[in-house]
Amino acid sequence: MVNEQVQAVTIAGNDSDGSAGMPADLHAFFISNVYGMGLLTSAVAGNSYGIDAAHIVPLEFIKQQFNSLAADFDIKAAKTGMLANVEVMDTVADCYQQVNFGPLVVDPVISTKHGAMLMEQAAYEEFKQKIIPLATVITPNFFEAQKLTESDLTTPEQIVTGAVRLQQMGAKNIVIKGQHHTNDRKTVDDYVLLEDGSSFWLKEAYIETNRVNGTGDTFSAVIAAELAKGNSVENAIRIAKKVVHVSIANSIQVGHKFGPINHWAGQKA
């Protein structure tokens, strides 16, 4: 009998240019040798210059996607991306708790890697109450971590304290991704706090490039894929860090302004 292919699902929005959101997640699942499924929450019309329009999927359709997938597939891990508003968050949280999709990796799409807010305040409060407590792993960028912890995270000591606060909010394992919005940085330093209290830093050389679309999506998706395969949380995070670094370091030319990372290179990480 042939062994069933490992399966994971992304609960996210679709970026029409393929650089981020669900397309990046599915690329990441593929390079991780995991069969990827997509549960659509929203869609945007955009390109390398920016987003021109957005559409939120009806709640009943989101529920039906959960039901359809749960009725057939043996999904071993899930991740969230863009959850556009309070109603979508409530629906996803309720549905996720009614199915068995394995551990959940939460990519909190609250603000961009440069600090611009993407989430309205009401949705942000709902995210803290409904989504964070479901997270096996949460992967905020620097600005998202500052927002969630309501504190400055400018020193290693502050980052350590911030990770503890995120754990107190309900997430089991924390990755606070390092700053990379200033060109004087030599490394990008991520801090990891695991459920058992152990912790470590992951460092890679900073690469100055505008080919970074999908970085956070890919990072969280690789973690989910590795968890689906039965890997430990620590190893999943370490693998994801390496995949993303290699994907950024070997850039491809797609679009005229802000481009995607190179998932083909990530296969070789």
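## Strand β4 and its neighbours

Strands β1 and β4 pair in the parallel sense, over five bridges. The model that shows this pairing is a predicted one. Across from Ala78 in β4 stands Val9.

On the other pairing, β4 (residues 75-80) runs parallel to β5 (residues 104-106), and three bridges link these two strands. Ala78 has Leu104 as its bridge partner in β5, and Thr80 has Val106. Buried here means under 20% relative accessible area; five of the six residues of β4 are buried, so the strand is largely enclosed by the rest of the structure.

## The sheet as a whole

Strands of a sheet pair through backbone hydrogen bonds, either parallel or antiparallel. In this model, nine strands make up an open sheet with mixed pairing. Their order across the sheet is β3-β2-β1-β4-β5-β6-β7-β8-β9. At the edges are β3 (50-56) and β9 (199-205), each of which pairs on one side only.

## Helices packed on the sheet

Helix α1 (residues 21-31) packs on the sheet and touches β1 (7-15), β2 (35-47) and β4. The direction of α1 makes about 150° with that of β1.

Helix α8 (residues 233-249) also packs on the sheet.

## Helix α7

Helix α7 covers residues 215-228. At 1.5 Å a residue, its 14 residues should span 20 Å, and the C-alpha atoms at its ends are 20 Å apart, which agrees. Of the 14 residues of α7, 14 are buried, so this helix is largely enclosed by the rest of the structure. Just after α7 comes Gly230, with a positive phi of about 95°.

## Where α7 meets α8

Two packed helices are described by the angle between their axes and the distance between the axes. For α7 and α8, the angle is about 145° and the axes are 8 Å apart. The crossing of α7 past α8 is right-handed.

From α7, the residues in this contact are Thr215, Thr218, Phe219, Val222, Ile223, Glu226 and Leu227. They meet Val233, Ala236, Ile237, Ile239, Ala240, Lys241, Val243, Val244 and Ile248 in α8. By type, the residues of the contact divide into twelve nonpolar, two polar and two charged.

Notes: Residues numbered from 1 in each chain as written. Predicted model: local features only at pLDDT ≥ 70, side-chain atom pairs only at ≥ 80, totals over all residues. Heavy atoms only, no water. Pairing = 2+ DSSP bridges. Helix = DSSP H or I, 4+ residues; strand = E, 2+ residues; numbered from the N terminus. Contact = heavy atoms within 4.5 Å. Axes fitted to C-alpha atoms, helices over the stretch in contact; angles between N-to-C directions. Expected span 1.5 Å × (residues − 1). Buried < 20%, exposed > 50% of the residue type's maximum accessible area, 1.4 Å probe, protein only. Left-handed = near helix turned anticlockwise from the far one by under 90°. Nonpolar A, V, L, I, M, F, W, Y, C, P; charged D, E, K, R; others polar.
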